[in-house]
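Let's take a walk through a protein together. Keep the picture open beside you and follow along as we go.

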Amino acid sequence: MAVQATPSTLNLTLSAEHEDLRRAVRDFARKEILPVAAHFDETGEFPMEIVRKMGEMGLMGIEVPEEYGGAGMDTIAYVLTMEEIAKADAATSTILSVNNSLVCHGLLKFGTEAQKQKYLRDVASGAKIGAYSLTEPMSGSDAGTMKSRAVLSEDGTHYIINGRKSWVTSGPVADYVILFTMTEPEKKHHGITAFIIETDKEGFAAGKKEPKLGIRASATSELIFENYRCPVENVLGTVGQGFKIAMTVLDAGRIGIAAQALGIAEAAYEASVEYARQREAFGAPIGSFQMIQAKIADMKTRIEASRLLIYSAALAKERSKQTGERYTTEASMAKLFASETAMFCAHAAVQIHGGMGYSRELPIERYFRDAKITEIYEGTSEIQRLVIARNELGLR
Ligand code: CAA
């Protein structure tokens with residue numbers, strides 16, 4: 001029996017609108033970000049002006065409906081944006097990613113109408129900057145074992161929060177933080193609650209800024225809570241739902257980090273192709289040598305495979321908006337493969353460029369330093385493998 005395949009079900013072509021968006025973001029990134037990326041990497045300054053401009057373009061709340069101050073676009077638009085911004089500067093794309101996936105997505109999915117009006121609108125429009133705070137000095141991958149505490153006040157109007165969080169992207173500049181902390185420690189995962197924190201209130205301080213290997217322009221710091229009084233209406237979701245919110249939001253975040261990794265990989269790859277065409281050794285362009293060709297072939301193949309996994313995860317997230325189904329495995333696979341591809345490509349790019357790859361005169365060494373974080377934050381590669389395998393095996 002002849003079975004007819006229907007091509008439209010496997011159409012991987014981007015729509016004209018997506019292509020237009022990609023072009024607009026690429027032009028912006030080339031004009032406004034690329035020329036200053038080395039400066040911000042060197043100084044570690046936060047690129048506030050660029051962040052404000054991204055806000056004006058609607059890039060700080062890409063998937064947030066327009067009624068809440070966002071651009072009302074889809075997840076494909078989000079990953080295209082992340083890829084193009086990361087290609088120019090990974091650090092800037094980190095700021096974008098946390099604001100979009102971890103903060104806007106969390107507020108949109110779990111916030112009350114009042115919280116959306118009060119907080120989401122400003123974060124999605126880029127008027128305010130958001131941060132997400134799960135990690136603590138003694139709990140990274142094992143996120144359920146946090147030491148910080150929130151205790152309900154005697155009159156029941158506030159939670160009193162104490163403790164120290166770490167590795168918070170945009171921590172020193174954030175206006176609002178989605179904070180995960182223990183309200184009922186004896187319940188373990190089910191004792192964690194999410195809160196919306198206003199950082200200009202007493203009892204909050206951004207602590208030590210991390211001196212990082214890469215993504216240096218994205219400010220990362222500790223957060224210190226000393227008797228911070230958070231009104232009960234700032235509980236995000238329900239009391240005890242925090243761990244699930246943290247994980248749900250990380251599923252979205254991991255797709256963004258995968259797209260960031262793709263952007264870094266492509267930047268490293270494109271520079272390598274250019275260099276392999278021009279640089280001569282032994283009387284011929286180095287691209288004519290098979291050992292360089294093998295590197296180029298492996299880079300390109302892994303980049304295109306990453307792209308497919310990222311689009312597949314983005315489409316799964318789009319479907320989830322209708323069905324509510326989780327897309328955990330798709331997100332973890334995309335992040336795992338794309339981040340290892342970024343590291344592979346950055347490593348190969350340094351090797352292809354030789355001494356110039358090691359020099360700070362070219363951005364190649366920056367790609368190498370920036371790529372590494374994609375294998376660590378929002379869940380290490382080891383955690384992604386664990387998540388994928390547990391889901392496939394039906395284990396907990
Ligand atoms: N979506 C919804 N719920 C989820 C979930 C998901 N993706 N994953 C787990 N859960 C739920 C489970 O269903 C379970 O719920 P019940 O108890 O009600 O059944 C509960 O959460 C506990 O799940 P597990 O037993 O699987 O929990 P675990 O302790 O074994 O941990 C883990 C699982 C996957 C290792 C998790 O802790 C994890 O992802 N760790 C990595 C944390 C991480 O990515 N940290 C990065 C922080 S952000 C950052 O990097 C900084 C930044 O600013 C960018």
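Let's begin with a hairpin: strands β2 and β3 form one, and five residues lie between them. Look in the turn for Gly156, whose phi is positive, at about 75°. Keep in mind that this is a predicted model. β2 covers residues 149-152 and β3 covers residues 158-169. The two strands run antiparallel, and four bridges join them.

The crossing of α9 past α11 is left-handed. Which residues of α9 and α11 make the contact? On the α9 side you'll find Ala342, Met343, Ala346, His347, Ala349, Val350 and His353. From α11 come Ile364, Tyr367, Phe368, Ala371 and Lys372. Sort this contact by class and you get nine nonpolar residues, two polar ones and one charged one.

Finally, zoom out to the whole chain. The protein chain is divided into domain 1 (2-128), domain 2 (131-242) and domain 3 (250-393). How many Å separate the centres of domain 1 and domain 3? Taken over C-alpha atoms, the separation is 19 Å. These two domains are in contact, with domain 1 giving 29 residues and domain 3 giving 30 residues.

How values were computed. Residues are numbered from 1 along each chain as its sequence is written. This is a predicted model: local features need pLDDT of at least 70, side-chain atom pairs count only at pLDDT 80 or more; totals for chains, interfaces and linings use all residues. Side-chain values use heavy atoms; hydrogens and water are left out. A crossing is left-handed if the near helix is turned anticlockwise from the far one by less than a right angle, and right-handed if clockwise. Contact means heavy atoms within 4.5 Å. Ala, Val, Leu, Ile, Met, Phe, Trp, Tyr, Cys and Pro count as nonpolar, Asp, Glu, Lys and Arg as charged, and the others, Gly among them, as polar. Two strands pair if DSSP finds at least two bridges between them. Domain bounds come from an automatic or database domain assignment.
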